[in-house]
Amino acid sequence: MKNLKTFAVALAIMISGNAFASKENPVVNKNSNSYELARLLKDQSLNLEKDYLGKVIFSVNEDREIVIHAVLGKEEFVRDYITTKLSDQVLKGDQWIVGKIYHLPVRMKMEK
C-alpha cells in the first residue's frame, strides 16, 4: 500500500510538472482592442534589428475609423510606421466606443 501511495505522488508530480513546462501559445482574446490593432499593424516583410516600443493615442469616429491624436516613441521610424498603418483604418469589433480616447502601448518585436 505504501508503494502505491508513493507511485501516485510521483505520478502527480510528473503530470503537474509537464503542465507547467508546456510551451503552448497563450490564450488570445480575438475580440480585444489590442488584438485588432496588432492585426492592423502586422507586417510580415518588416525586418527589425531589435524590439521597439511606442504608444498610440487615438479615438474612433462615427464611421468606425481610427483618428490618431498622437504617436509616442523614441524612434521616428516607429512613430511614422504606426501613423501610416493605422490612419483611417476601419475597426470591425463591437467593443469600440465612438469618441472615447484610447491609449494603447505598441511593441514591435524582432523576429528570431
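Helix H3 (residues 76-86) lies across S1, S2 and S3 and runs at about 170° to S2. Such angles are taken between N-to-C directions on a scale from 0 to 180 degrees, with axes fitted as lines to C-alpha atoms, for helices over the stretch in contact. Helices (H or I, at least four residues) and strands (E, at least two) are DSSP runs, numbered from the N terminus. The model is a predicted one, in which local features need pLDDT of at least 70 and side-chain atom pairs count only at pLDDT 80 or more, while totals for chains, interfaces and linings use all residues. Residues are numbered from 1 along each chain as its sequence is written, and side-chain values use heavy atoms, with hydrogens and water left out.

Lysine 85 belongs to H3. With a relative accessibility of 24%, lysine 85 counts as partly exposed; buried means under 20% relative accessible area, exposed over 50%, and partly exposed in between (1.4 Å probe, protein chains only). The C-alpha atom of lysine 85 is 9.7 Å from that of leucine 37, although 48 residues separate the two along the chain.

The three strands form an open sheet in the order S2-S1-S3, with antiparallel pairing. Strand S2 (66-73) and S3 are the edge strands, each pairing on one side only. From one strand to the next, the twist averages 30°. Helix H2 (residues 33-41) also packs on this sheet, touching S1, S2 and S3, and its direction makes about 50° with that of S3.

Strands are said to pair if DSSP finds at least two bridges between them. Seven bridges join strand S1 (residues 52-60) to S3; phenylalanine 58 stands opposite tyrosine 102 in S3, and leucine 53 stands opposite arginine 107 in S3. S1 and S2 likewise pair in the antiparallel sense over seven bridges, with glycine 54 opposite glycine 73 in S2.

In a regular strand the side chains alternate between the two faces of the sheet.

Asparagine 61 is found in the loop between S1 and S2. A polar atom of the asparagine 61 side chain lies 3.0 Å from the backbone nitrogen of aspartate 63. Leaving aside neighbours within four places in sequence, asparagine 61 is in contact (heavy atoms within 4.5 Å) with Val67 and Val98.

Side chains of opposite charge can pair when their charged atoms come close. The structure holds one salt bridge, defined as a side-chain nitrogen of Lys or Arg within 4 Å of a carboxyl oxygen of Asp or Glu. Arginine 39 forms this bridge with glutamate 36, the closest N and O atoms being 3.8 Å apart. Because arginine 39 and glutamate 36 are three residues apart in helix H2, about one helical turn separates them. Arginine 39 is partly exposed, at a relative accessible area of 38%, whereas glutamate 36 is buried, at 6%.

The predictor's confidence in each residue is given as pLDDT, from 0 to 100. The protein has a mean pLDDT of 76, and 65% of its residues reach 70 or more. Confidence is lowest in helix H1 (residues 2-20), at a mean of 61, and highest in S2, at 92. Over residues 21-28 the pLDDT is below 50, and beyond near neighbours in sequence this stretch has one contact in the model. Where pLDDT is low, the predicted coordinates should not be read in detail.

Key: Polar contact = N/O pair within 3.5 Å; in protein donor to acceptor, adjacent residues only side chain to side chain.
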